[in-house]
Amino acid sequence: MEFGSQAAHQDAAFSNISATPEACEQRQALFLRFLNEYQRTVHAHDDHLSSQGSGTPVGNARGADGGHEGGSLSPTPLYVDQLATMKEREIETLFVSYQHLVEFNANLAADISDAYYRMEPYLRSALKEFVRQHLGSSYSTKEDGAEREFWISFYNLGHNEKLRNLRSDKIGSLSQFIGTVTRTTEVRPELFTGAFRCLECMQMVSGVQQQFKYTSPTVCPNDTCGNRNKWTPVVEESTFVDWQKVKVQENPDEVPAGSLPRTIDVILRNSQVESVRPGDKAVFSGSLVVVPDVAALTAPGERLQSRLAVDRTNIGGGSGENVTGLVNGPARTGVRELTYKLAFIACGTQSLETQEGMINIRTEEDQMPEDVLAQFSQEQREELEEMRRDRSLYDRLAASLAPNVFGQNDVKRAVLLMLLGGVQKTTKEGIKLRGDINVAIVGDPSCAKSQILKYVAGFLPRAVYTSGKSSSAAGLTASVVNDADSGEYCIEAGALMLADNGVCCIDEFDKMS
């Protein structure tokens with residue numbers, strides 16, 4: 001395979017601050033060449049690139065070692081083939097494996113990773129040109145003649161950061177972490193690029209990028225106008241995208257002893273919305289950004305008020321560069337400091353069970369045995385057939401649960417039957433009888449009860465572990481919390497709702513209030 005040019009690494013330190021437009025355009029051209037030329041080496045044991053749900057890629061598309069031994073190049077470039085899938089499914093997101101980029105040009109991959117927030121508009125411009133080259137202008141433009149927006153989703157970064165380690169040194173770089181979704185908002189429209197009309201000379205300014213808040217043009221481009229404050233948005237010429245915010249909590253195995261699990265707000269856009277639900281363990285790839293903490297700016301019971309025009313003689317003496325628009329909270333007491341918080345803008349989401357090659361046996365929809373077997377490879381089907389002929393399969397499966405616990409065979413058998421579940425039945429009257437099995441493990445202290453629970457919660461794709469010491473009977477179902485953004489009360493899912501169609505492991509059940 002022909003590797004990309006090494007000219008992408010001319011700068012000694014390419015970052016979000018030092019990246020010049022000329023350097024970004026050079027890397028944009030190299031990225032376009034990567035999309036046009038990359039050919040995946042196909043091995044006999046490689047899984048094909050498919051998609052589920054929101055179009056998140058599934059399967060190991062390429063080995064991390066980058067070797068070509070024992071394989072052959074595909075006849076057409078990989079991402080040219082993926083364009084046909086995009087057009088067929090009418091999606092606007094191209095899924096790019098970061099390991100493919102490393103194989104093509106390691107320096108280009110490192111520059112994109114270090115300055116991802118700065119390079120992201122240039123990468124989308126390269127994707128637009130890529131679509132025009134292979135699909136023509138009929139797909140790159142909408143029916144009304146407006147230009148269609150395309151997005152790039154990176155996955156398979158190779159290294160997962162801990163949520164606790166996402167700090168200021170990771171701002172603007174390409175990162176990936178694993179967490180559990182605890183809350184999701186409804187899908188809302190977000191103003192992505194705005195068009196504004198000057199109220200002084202009626203000239204329109206389009207393509208204004210929004211900086212995590214309502215952002216109007218700085219000054220009117222008309223030389224004889226000089227307007228800075230009087231703008232009206234033009235909705236017809238503006239670009240809106242789907243927007244959703246999810247709250248993600250770090251995994252229990254990453255929480256240090258004596259600490260509480262931390263959370264972070266993750267922003268999903270376009271095809272990534274509705275890709276995760278509360279209770280899902282997922283891998284999020286994207287960039288860490290800093291946004292104003294609106295909730296911290298207001299006093300309790302107050303709402304943040306903003307005004308488009310502020311008398312310059314009252315604030316800043318007419319300089320126009322001071323903090324404006326804050327009526328309540330800090331501005332009332334003369335405080336000029338703003339409070340910021342970290343947020344994560346995800347360019348890709350991938351279910352943890354999908355990434356690790358797991359298959360959830362407790363899915364929502366009823367599947368026939370043939371459909372379940374179709375999700376396995378031929379080698380796995382042969383292993384299942386061999387296991388089915390084993391007369392001691394029941395005992396061997398029970399013994400494989402929590403192998404670090406000696407004995408307790410009857411308890412392990414009960415847990416195994418609970419994991420497999422019963423058969424859901426429907427009566428003649430249409431009443432559905434659940435086939436789920438509940439297990440209560442009762443015993444003296446130091447009998448490995450908690451160890452068995454933690455083992456089940458650790459390997460099952462959708463499982464939640466909680467303790468009765470810190471939970472109440474009502475809190476296991478749902479709790480009423482105050483939303484920091486809107487100031488309104490909302491319902492947050494408890495452990496039982498997060499473990500829907502899964503397993504909820506409740507330790508210290510007798511100590512629950």
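The following legends describe an overall view and several close-up views of a predicted model.

The model is predicted, and local features are given where pLDDT is at least 70 and side-chain atom pairs where pLDDT is 80 or more, whereas totals for chains, interfaces and linings use all residues. Residues are numbered from 1 along each chain as its sequence is written, and side-chain values use heavy atoms, with hydrogens and water left out.

**Figure 1. Overall view of the chain.** The secondary structure of the chain comprises 14 helices and 20 strands. Helices (H or I, at least four residues) and strands (E, at least two) are DSSP runs, numbered from the N terminus. Of the 513 residues, 39% count as buried. Buried means under 20% relative accessible area, exposed means over 50%, and partly exposed lies in between (1.4 Å probe, protein chains only). The accessible surface comes to about 29,300 Å², and 50% of this belongs to carbon and sulfur atoms. Accessible areas come from the Shrake-Rupley method with a 1.4 Å probe; for residues, only the protein chains shown count as cover. Among contacts between residues at least 6 apart in sequence, 68% join residues at least 24 apart. A contact means heavy atoms within 4.5 Å.

**Figure 2. The salt bridge between E149 and K128.** The structure holds 19 salt bridges, a salt bridge being a side-chain nitrogen of Lys or Arg within 4 Å of a carboxyl oxygen of Asp or Glu. In this view, the side chains of E149 and K128 meet in such a bridge, at 3.5 Å from N to O. The pair links distant parts of the chain, 21 residues apart: E149 lies in the loop between α6 (137–140) and β6 (151–155), and K128 lies in helix α5. Helix α5 spans residues 116–135. Both E149 and K128 are buried, with K128 at 13% relative accessibility. Leaving aside its neighbours within four places in sequence, K128 is in contact with E147, R148, E149 and F150. K128 and E149 also belong to a network of salt bridges that includes E120 and R124.

**Figure 3. The salt bridge between R164 and E250.** The closest N and O atoms of R164 and E250 are 2.5 Å apart. R164 lies in the loop between β6 and β7, and E250 in the loop between β11 (239–249) and β12, so the pair ties together parts that are 86 residues apart in sequence. R164 is buried, with a relative accessible area of 14%. E250 is likewise buried, with a relative accessible area of 1%.

**Figure 4. The salt bridge between D390 and R396.** The side chains of D390 and R396 meet at 2.6 Å, N to O. D390 counts as partly exposed, at 22% relative accessibility, whereas R396 is exposed, with a relative accessible area of 55%.

Figure 5. Strand β7 covers residues 174–184 and contains T180. T180 is buried, with a relative accessible area of 13%. Apart from neighbours within four places in sequence, T180 is in contact with K247, V248, Q249, N251, G279, D280 and K281.

**Figure 6. A patch of negative charge on the surface.** The patch gathers E379, E382, E383 and E386. Patches are made of residues with over 30% relative accessible area and no salt bridge; like charges are joined within 9 Å, and nonpolar side chains (Val, Leu, Ile, Met, Phe, Trp, Tyr) within 5 Å. Lys and Arg count as positive and Asp and Glu as negative, while His and the chain ends are not counted. The place of a charge is taken as NZ of Lys, CZ of Arg, CG of Asp or CD of Glu. E386 is found in helix α10 (residues 378–388) and is exposed, with a relative accessible area of 53%.

**Figure 7. A nonpolar patch on the surface.** I171, V290, Y340 and L342 form this patch, with about 310 Å² of accessible area together. Y340 is placed in strand β14 (residues 340–351) and is partly exposed, with a relative accessible area of 49%.

**Figure 8. Two loop residues with positive phi.** M202 is not a glycine, yet its phi is positive, at about 65 degrees. M202 lies in the loop between β8 (188–198) and β9 (204–209). E274, also not a glycine, has a positive phi of about 60 degrees. The loop between β12 (263–269) and β13 (281–292) holds E274, which is exposed, with a relative accessible area of 52%.
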